[in-house]
2 protein chains.
Amino acid sequence: MTATPAWPPQSAPRLHVETLLDEGVAVPVDGNPAHYLISVMRVKPGDVVLLFDGRSGEWAARVRDLRKRDLVLECVERTKPPELVPDFWLCCAPIKKGRIDLIAEKACELGVARLQPVLTRRAVVDRLNLDRLHAHLVEAAEQCGRTALPELAAMVKLDALLRDWPAGRRLFFADETGGTPLAEALPGHPGPAAFLIGPEGGFDPAERDAIRAVPDAVPVSLGPRILRAETAAIAATAAWMTLNGDW
Amino acid sequence: MTATPAWPPQSAPRLHVETLLDEGVAVPVDGNPAHYLISVMRVKPGDVVLLFDGRSGEWAARVRDLRKRDLVLECVERTKPPELVPDFWLCCAPIKKGRIDLIAEKACELGVARLQPVLTRRAVVDRLNLDRLHAHLVEAAEQCGRTALPELAAMVKLDALLRDWPAGRRLFFADETGGTPLAEALPGHPGPAAFLIGPEGGFDPAERDAIRAVPDAVPVSLGPRILRAETAAIAATAAWMTLNGDW
């Protein structure tokens with residue numbers, strides 16, 4: 001008996017590309033991704049690289065036209081259908097660079113469909129580098145096996161978010177003044193749903209009133225300790241995914 | 001009507017100290033903590049600083065004998081009783097510096113009682129700087145309001161951990177080959193409990209068999225995506241706390 005090699009090979013590098021993929025499509029690769037494949041992964045002609053475009057699932061491609069600084073990947077066969085992640089949005093206030101990057105990375109791994117930055121009054125940061133956040137989403141998606149990136153929405157002000165809140169999308173929000181324990185509030189709401197997490201300083205009283213006034217809002221408690229904003233975002237997402245998602 | 005100032009003041013700095021605290025105890029402070037109080041927080045004589053020693057709860061202390069590089073804090077009044085965190089251990093393989101630090105920080109915030117590093121065959125790191133991890137636990141405890149640090153155990157090999165596993169402590173472990181979904185496996189086990197998380201490369205087959213052979217072991221699944229080790233550790237802890245802890 002000969003062992004059948006795994007298909008696709010488990011060690012194959014995995015890359016997000018902008019090109020819409022299909023059988024026979026040739027994808028030219030240069031810049032950082034080419035450097036990664038050529039100098040870090042040391043691919044050879046004919047080697048398999050997994051590609052995903054965020055729309056058509058995942059594809060096995062073969063290395064072709066390998067040069068010093070660029071190469072071509074030729075799409076051979078679909079290896080995964082387009083993915084369905086749970087209909088869950090993570091809405092969070094902008095926080096310091098390293099910590100918002102962490103939220104993006106973990107949101108992608110945990111299966112969030114949409115990451116929505118929300119500007120609140122006590123936010124200590126009022127601008128976000130969406131390109132950098134996008135790069136973190138891409139890297140996390142490449143690593144965790146997702147075939148689609150989470151949608152990264154432009155930052156909106158809290159009052160605009162609430163004014164346009166889509167009817168029927170449950171809006172869980174971490175309320176430091178008290179709320180229903182997660183274990184009671186979450187079960188039985190498989191989506192559409194969202195979690196709203198404030199900045200380190202929390203929501204101000206007027207903001208809390210405005211959130212509570214949304215018909216789909218549910219104030220919840222994340223326990224007796226004071227969580228950093230990114231801890232709250234990651235923990236709330238993990239709890240929702242455990243009870244309502246695809247885990 | 002005059003507004004009563006909050007007691008203890010919400011903005012009071014919070015510090016972990018080694019001295020066993022009691023009413024009237026004077027705590028000399030120098031080095032980094034003194035620098036933080038004097039130069040960063042700019043405390044003045046009589047200002048309140050919150051102290052905890054990991055054993056006797058939290059205390060309000062007043063600044064006294066303030067000099068350039070050191071000061072004395074005098075314990076005035078207990079502000080919180082010693083804390084009871086859920087009886088939950090997080091057992092995890094050592095991983096790269098920044099990412100194991102993140103596990104320590106989040107484990108403390110999320111309410112873990114004991115952090116137990118476990119050496120497994122596929123671990124890419126085989127040494128841990130326990131002093132650095134301790135410093136991360138202290139900082140997180142100061143920030144999140146805990147009055148006791150999580151216990152930080154010395155690293156043990158997986159076979160030793162399993163051989164000495166205490167009877168009756170439920171051992172949930174993240175099994176990449178499949179297991180019960182968390183939402184089914186976790187409820188109704190308020191502790192003693194533990195979660196065991198492998199390194200990036202997972203457990204090897206012999207290790208998995210050895211874990212499954214522990215009578216209290218429960219293989220669980222953390223969903224369809226490939227989670228980084230620290231994501232798995234944080235998400236598993238959040239899920240357990242949601243369903244069995246004090247949230």
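Two residues are in contact here if their C-beta atoms, placed from the backbone, lie within 7 Å. With that in hand, let's look at the dimer interface.

First, the ground rules. This is a predicted model: local features need pLDDT of at least 70, side-chain atom pairs count only at pLDDT 80 or more, and totals for chains, interfaces and linings use all residues. Residues are numbered from 1 along each chain as its sequence is written, with chains lettered from A and ligands numbered from 1 in the order in which they are written.

Start with chain A. It has seven helices and 13 strands. Both are DSSP runs numbered from the N terminus: helices are H or I with at least four residues, strands are E with at least two. The C-alpha trace of chain A spans about 60 × 40 × 30 Å along its principal axes. Of its 247 residues, 42% count as buried. Buried means 20 or more other C-beta atoms within 10 Å of the residue's own, again placed from the backbone. Among contacts in chain A with a separation of 6 or more, 76% join residues 24 or more positions apart.

Now the interface. In chain B, 29 residues are in contact with 29 residues of chain A. Which helices of chain B each supply at least two residues to that side? They are H2 (97–110), H3 (130–144), H5 (182–185) and H7 (229–244). H7(B) gives the largest share, eight residues. By type, the side of chain B that touches chain A has 16 nonpolar, seven polar and six charged residues. For that count, Ala, Val, Leu, Ile, Met, Phe, Trp, Tyr, Cys and Pro are nonpolar, Asp, Glu, Lys and Arg are charged, and the others, Gly among them, are polar.

Next, symmetry. Chain B superposes on chain A by a rotation of 180 degrees, with 0.0 Å of shift along the axis and an RMSD of 0.0 Å. That is a two-fold axis relation. In chain B, B:Ala239 has the C-alpha nearest the axis, 2.5 Å away. Both copies use the same surface: 100% of chain B's contact residues recur in chain A.

Last, H2(B). Is this helix mostly covered or mostly open? Covered: 11 of its 14 residues are buried, including B:Ile100, B:Leu102 and B:Cys108. The buried residues of H2(B) pack against H7 (229–244) of chain A, and against S6 (88–92), S7 (114–119), H3 and H7 of chain B. Just after H2(B), B:Gly111 takes a positive phi of about 105 degrees.

Conventions: A residue is buried if 20 or more other C-beta atoms lie within 10 Å of its own, exposed if 12 or fewer, and partly exposed in between; C-beta atoms are placed from the backbone. Copies are superposed by least squares on the C-alpha atoms of residues with pLDDT of at least 70 in both.
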